[in-house]
Amino acid sequence: MDKANEVPLLSEQDIVLARQLVRKKAQETGLSLIDQTKLVTAASELARNTVVYGGGGTMNIAEVARGIRRGLRLSFRDQGPGIPDVELALKDGWTSGTGLGMGLSGAKRLVHEFELATKVGEGTCVTIAHWK
Amino acid sequence: MSTQKIPILRMGQLLLVSIQVDMHDQLAMQLQDDVTTAIQKHGSRGLLIDISALDIVDSFIGRMIADTAGMARILGARTVLVGMQPAVAITLVELGLSLPGVSTALTVERGMELLQRPARGHG
């Protein structure tokens, strides 16, 4: 476990810092500008969900490789209320809060891999991966 | 952090805003407040928002821009969004935000041209 690659997501300022870290790692991994932009945008949406809906949590960022392909995997974890209806939460335009309802569904469209694990009362973990 | 503000420049009947920092959400909402207040105070007819320095626009910033343009229209000012980077445009549309109702131009110059043309009956 590399703790250096885990950052707290507790405030709005942490969302900005998370975006900047993902940008830096995406550049180092050699993602194209468009892929960097997609990944950073997805990270921004998910980091905001962690802060606003999850009551805060962490982002874990790891470089991954599959054969000769390199990529980045990001996990957003909170111990918040969880999502009772995942299917509904992934619908465009659906929001439980004041958002636009594009965060979760939009983030899913922007990246190559998207996985959502959630349990009501225990928390949510969204893991995304994007490959070069 | 909380004292940070995005400057709003007045040029005749126009207001110019150039977003040069990676905005946290509160700063984005502050900008929305400041812009609408400035439109009302100066009776501005046009608002130009330059986002050429932004390397991402997520749904929060996108919504803030769309809402600001809507508020400006109700207050009698047209909004032109200029300088969006191509990667940002691609990502925004894929995210599901196409910013309906917001006029756009590639450069500040073209944006100014648009705002200086007589209004054509709709925002």
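Mentor: Let us begin with terms. Helices (H or I, at least four residues) and strands (E, at least two) are DSSP runs, numbered from the N terminus. Two residues are in contact if their C-beta atoms, placed from the backbone, lie within 7 Å. Axes are lines fitted to C-alpha atoms, for helices over the stretch in contact, and angles run from 0 to 180 degrees between N-to-C directions. This is a predicted model, in which local features need pLDDT of at least 70 and side-chain atom pairs count only at pLDDT 80 or more, while totals for chains, interfaces and linings use all residues. Residues are numbered from 1 along each chain as its sequence is written, and chains are lettered from A and ligands numbered from 1 in the order in which they are written.

Trainee: Which elements does chain A have, and in what order do they run?

Mentor: Chain A holds four helices and five strands. Starting at the N terminus, their order is β-α-α-β-β-α-α-β-β.

Trainee: How is the sheet to be read?

Mentor: Strands pair if DSSP finds at least two bridges between them. Here the five strands form an open sheet in the order β1-β2-β3-β5-β4 (chain A), with antiparallel pairing. β1 (6–9) and β4 (113–119) of chain A are at the edges with a single partner strand each, so one side of each has no neighbour in the sheet. From one strand to the next, the twist averages 20 degrees. β4(A) and β5 (residues 123–131) of chain A run antiparallel and are joined by seven bridges; A:Lys119 stands opposite A:Gly123 in β5(A).

Trainee: Which strands does α2(A) lie across?

Mentor: α2(A) lies across β1, β2, β3 and β5 of chain A, at about 15 degrees to β3(A). α1(A), in turn, lies across β1, β2 (57–66) and β3 (69–78) of chain A and runs at about 155 degrees to β1(A).

Trainee: How many residues does each chain give to the contact between chains A and B?

Mentor: Chain A contributes 24 residues and chain B 19 residues. On the side of chain A, the elements giving two or more residues are α1 (12–29), α2 (33–52) and α4 (103–110). The largest share, nine residues, comes from α2(A).

Trainee: What share of chain A is buried?

Mentor: A residue is buried if 20 or more other C-beta atoms lie within 10 Å of its own. Of the 132 residues in chain A, 40% are buried.

Technical notes
Buried ≥ 20, exposed ≤ 12 C-beta atoms within 10 Å, placed from the backbone.
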